[in-house]
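Welcome! Here is a short briefing to read alongside the sequence and the 3D view.

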Amino acid sequence: MPKLALRILLISLSLIFFGCGTYQPKNAELITTAISEFSNPYFADISQDYVYKANIEVYGRNLGGIVVIKKIDEDTHRVVFATDFGNKLLDFEVSASSFKLNFSVEGMDNKRFLKLLENDFRLLLNRNYLIEKTFANSNENIYESKQKRGMLYLFESKEKKHLYQMIFTKKSKEKITFEFRNEQETSPTQIDIVHHSLPFRMQLMKI
Amino acid sequence: MNRIRLILFGLMAFLMTTSITFAQEQKLSTTEITQFKNGVIAQAKAIKSLKTDFVQRKHMSFLSNEIETSGNMVFQAPNLLNWKYTKPYQYSIVFKQGKIHINDQGNKSSFDASGNKMFEKINKLIVGSVSGNMFDDNEFSISYSKNKTHYVAKFVPKSGDLKKVIAEIELYFPIQKLVVSEVKLNEYSGDYTQIIFKNQQLNAKVSPSDFTN
């Protein structure tokens, strides 16, 4: 009997654990669990240079400069951070499965900082998101995509048919929000990346 | 077949000679170097203030286009400086009495940099690039040349933090007027930043408000 009681207790606990572990987009209903793909509408044109004025707040420090994003082959983007004067600070290449640091000035080569940028830009620049579930309400479609370390939710406006938000979650908690302001189809005019469990936010304004 | 090869060879030789002619830079003799340096130092001493517009072009080999920004700059001897971008966004940095004041699209910040060696170097570098007087042999290996229109001074940092980020600084001086008209910052990767000064006003009237951002 104690064995059975223990088993029941474990099952209940695991149910509670897994029950809590699922993030559910607010005010939206699950409409399908069929697997499909969502193509990233942004940063996909290999002939385009995507140039942004950047404002970064990290651990209470403010950094300004320029961020350049360029698709260099089918799966890879090159990202460069530079000062307003043009001096290169950081230069890396990122794809779904790789990360290559081309250049970094001293102080920007912090491992945790680079890992954070690698993860953020991998989520931002992914070519295709594999969708496992689709939720919807009257205004938006919300696509759930499983990532290495959590779940990514892509919010698409039904009216304008554009991707205006992505939320990365871990164990049911919102970890990173990406917001896109978009007057153009191929790249957002403004991107806000906010980390909820780290003092880090980045605003990119298209120039 | 041989004819085609000859024509191609001829074309190649032609292209090579024309490119050599266009890029022709002649090294200055020791006498010319002394004359040039003295001329620049005398001119830099005569500059009490300077107002100029500028266009900045950032070249990165993997981009389709250069990134162009532009603005204006006000300088007052010995080391008051306001460097201001107005297109495509507003950003200004003022160097004043050992402090740096930044206005980044309305977000203002200031910090004290007096006594900071790196700041002193940057300040010296900017003021030197603007006035032209950057002939510090301890800091740089300097080479001098001229083409049809300009004197060109090339500064290779000898050591320290500057050497880590900049491979070479080129300053261009019009032969008729020994004031810097163009700055080129070359990186080790081959990428560079080019700054071209336009509408330079030497000893223009400046006021304290020119150095407030």
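A residue is called buried if 20 or more other C-beta atoms lie within 10 Å of its own, exposed if 12 or fewer, and partly exposed in between. Pro174(B) has 13 C-beta neighbours inside 10 Å, so it counts as partly exposed. Please keep in mind that this is a predicted model.

**Chain A at a glance**

- Chain A contains two helices and 14 strands.
- Of the 207 residues in chain A, 27% are buried.
- Taking the contacts in chain A between residues at least 6 apart in sequence, 38% link residues at least 24 apart.

**Where the chains meet**

- On one side of the contact are 21 residues of chain A, and on the other are 19 residues of chain B.
- Three strands of chain A, namely β3 (50–58), β4 (61–71) and β5 (77–82), each supply at least two residues of the side that touches chain B.
- With five residues, β4(A) gives the most to that side.
- By type, the residues of chain A's side are 10 nonpolar, five polar and six charged.

**Helix α2 of chain A**

- Helix α2 of chain A covers residues 111–125, and at 1.5 Å a residue its 15 residues should span 21 Å; the end C-alpha atoms are 21 Å apart, which agrees.
- Which residues of α2(A) are buried? They are Leu117(A), Phe121(A), Leu123(A), Leu124(A) and Leu125(A).

**Nonpolar cores**

- The largest nonpolar core has 42 residues, and those with the most contacts inside it are Val67(A), Val68(A), Leu152(A), Tyr153(A), Leu154(A) and Met166(A).
- Not counting residues up to four places away in sequence, Leu154(A) touches Phe38(A), Tyr129(A), Ile142(A), Tyr143(A), Ser145(A), Leu163(A) and Met166(A).
- A second, separate core has 25 residues, among them Ala44(B), Tyr151(B), Phe155(B) and Ile195(B).

**Backbone features to look for**

- As background, most residues other than glycine have a negative phi, and most peptide bonds are trans.
- Phe43(A) is not a glycine, yet its phi is positive, at about 55°. Phe43(A) sits in the loop between β2 (36–39) and β3 of chain A, and it counts as buried because it has 21 C-beta neighbours inside 10 Å.
- Gln105(B), also a residue other than glycine, has a positive phi near 50°. Its place is the loop between β6 (99–104) and β7 (107–112) of chain B. Is Gln105(B) buried or partly exposed? With 13 C-beta neighbours inside 10 Å, Gln105(B) counts as partly exposed.
- The peptide bond from Ala77(B) to Pro78(B) is cis, with omega near 5°. Pro78(B) is found in the loop between β3 (67–76) and β4 (80–87) of chain B.
- Lys87(B) and Pro88(B) are joined by a cis peptide bond with omega about 0°. The loop between β4 and β5 (91–96) of chain B holds Pro88(B).

**Back to Pro174(B)**

- Pro174(B) belongs to strand β10 of chain B, residues 168–174.
- Leaving aside neighbours within four places in sequence, Pro174(B) is in contact with Thr149(B), His150(B) and Ser181(B).
- Pro174(B) and Val130(B) are 44 residues apart along the chain, and their C-alpha atoms are separated by 14 Å.

Notes
Residues are numbered from 1 along each chain as its sequence is written. Chains are lettered from A and ligands numbered from 1 in the order in which they are written. This is a predicted model: local features need pLDDT of at least 70, side-chain atom pairs count only at pLDDT 80 or more; totals for chains, interfaces and linings use all residues. Two residues are in contact if their C-beta atoms, placed from the backbone, lie within 7 Å. Helices (H or I, at least four residues) and strands (E, at least two) are DSSP runs, numbered from the N terminus. Ala, Val, Leu, Ile, Met, Phe, Trp, Tyr, Cys and Pro count as nonpolar, Asp, Glu, Lys and Arg as charged, and the others, Gly among them, as polar. The expected span of a helix is 1.5 Å times one less than its number of residues. A nonpolar core is a set of buried Ala, Val, Leu, Ile, Met, Phe, Trp, Tyr and Cys residues joined through C-beta atoms within 7 Å.
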